[in-house]
Amino acid sequence: MFSTEKLYGVSGNALDTGYTSISNNTFDDKTSFDSDLTLQGSSESLSNDSEFVTLNQGSNNNGVFSGAEVEIDFNGDGKNDKFWRNSQTGETAIWLMDGINPNAETLQQVDASWDVGFADFNSDNKTDIFWRNQASGENVIWQMDGTNINSEETIQKIDSNWTFSITEFNGDRKSDILWRNTETGENAAWIMDGKTVTTAAFLPTTELIWDYSITDFNNDGKTDVFWRNTVTGENAAWFMDGTNANGFSVQELDVSWNPTFGDFNGDSRTDILWSNEASGENEVWVMNGTLFSDVIFNEETLDQLSSSWSANVGDFNADGRSDIFWHNNETGENTAWLMNGGNILTKAFLPSNELTWEPSFGDFTGNDKTDVFWRNSSTGGTAIWMMDGTIAEGEYLPTNDPSLNVF
């Protein structure tokens with residue numbers, strides 16, 4: 001490991017200089033919806049037993065941030081869709097998105113003991129659904145075509161102590177699965193071809209104090225694994241090639257720093273935005289290759305914000321470089337930074353929201369610009385900001401049952 005190197009933030013208040021105020025970033029308050037698109041209950045259960053994982057990134061040239069295995073797109077039209085799930089009743093539904101015109105369809109009901117993940121196991125550019133029963137260890141794949149379940153296949157059962165993440169380890173554009181045992185720290189990989197597990201192999205074991213994220217540091221079309229020690233602040237990376245994990249050291253960083261992953265310079269290699277939850281300091285580490293057994297980054301200090309701001313990543317101007325959307329969890333304020341590597345090209349205030357509105361991100365119009373989908377956890381309201389750089393054109397969408405979770 002590298003020795004720890006302290007990161008120094010800049011002084012000053014969070015948002016006091018250099019910002020453009022955008023006055024026309026508002027919802028059309030005249031828009032009303034009398035539609036009955038609220039999702040109701042549905043048919044059969046997948047079984048009497050039944051589990052879930054989520055991915056959420058904005059558009060980017062790097063495949064780890066785009067494609068049907070990452071950004072939900074059930075019909076392959078290049079517009080991100082929304083999946084709805086009631087964790088209590090098992091109701092499931094899909095919104096096929098076309099800007100401000102969602103096409104809502106209810107799917108079959110799936111018992112609440114099943115968790116859900118999103119993948120593209122057959123490389124048809126249409127998101128599939130992976131179901132895992134958190135009690136029984138059963139696993140089921142729905143291969144999707146829009147709102148139609150083309151096939152429903154049960155695959156190998158695995159002990160319920162294992163949790164999963166969707167990956168792509170061998171570069172064939174078919175999703176694979178990383179398994180982690182929450183009792184022992186064991187790790188394993190399944191290389192998938194549709195519903196078939198073509199290869200299953202154990203990977204090195206890691207202590208339970210290590211958390212992981214899925215990345216692609218070297219732009220080889222194969223997702224890598226970033227490891228962070230939640231006690232010591234140590235970091236490491238596995239560069240993956242199928243079921244072979246090549247381990248690299250990454251500079252250590254105090255546990256008060258939290259990573260968010262993007263591609264801030266557009267070279268299709270994963271970079272890291274570090275935010276300090278105590279001080280509000282921010283840094284970008286731009287991937288700069290490897291040297292012997294170490295991953296090398298160029299470090300750039302960004303503006304300091306208060307710790308109430310949380311970061312999300314998207315590409316709001318379609319330049320192939322990740323930008324940063326900041327949401328204030330105490331005030332409801334929002335701001336966007338358009339990035340070029342470790343430099344902020346433009347930063348602007350966006351409209352504020354009540355704290356009951358929660359953002360998620362995707363390209364819902366198919367113009368390669370990340371949009372913001374808003375969900376009111378109290379009322380069930382939904383809305384969309386169609387983004388063009390730091391300009392947000394807002395529209396309300398149909399209200400949906402607040403008991404439904406949205407992905």
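Predicted model: local features only at pLDDT ≥ 70, side-chain atom pairs only at ≥ 80, totals over all residues.
**Close-up 1. Pairing of strand 9 with strand 10.** Six bridges join strand 9 to strand 10 (residues 176-181) in the antiparallel sense. T167 stands opposite D176, a residue of strand 10.

**Close-up 2. The ring pair F74 and F118.** The structure holds 34 aromatic pairs. In this one, the ring centres are 6.5 Å apart and the planes stand at 70°, so the pair is edge-to-face. F74 sits in the loop between strand 1 (20-21) and strand 2 (82-85), and F118 in strand 5 (residues 114-119), so the contact ties together parts 44 residues apart in sequence. F74 is buried, with a relative accessible area of 0%. F118 is buried too, at 4%.

**Close-up 3. The ring pair F325 and F361.** The centres of F325 and F361 lie 5.2 Å apart, with planes at 65°, so this pair is edge-to-face. F325 belongs to strand 22 (residues 323-328) and F361 to strand 25 (residues 357-362). The pair links distant parts of the chain, 36 residues apart. Both F325 and F361 are buried.

**Close-up 4. An aromatic cluster.** Ring pairs link F217, F226, F239, F248, F261, W274, W285 and F297.

**Close-up 5. A lysine over a ring face.** K82 lies over the face of F373, 4.7 Å from the ring centre.

Definitions and conventions:
Residues numbered from 1 in each chain as written. Heavy atoms only, no water. Pairing = 2+ DSSP bridges. Helix = DSSP H or I, 4+ residues; strand = E, 2+ residues; numbered from the N terminus. Phe/Tyr/Trp six-rings, centres within 6.5 Å; stacked < 30°, edge-to-face > 60°. Buried < 20%, exposed > 50% of the residue type's maximum accessible area, 1.4 Å probe, protein only. Lys NZ or Arg CZ within 6 Å of the ring centre and 35° of its normal.
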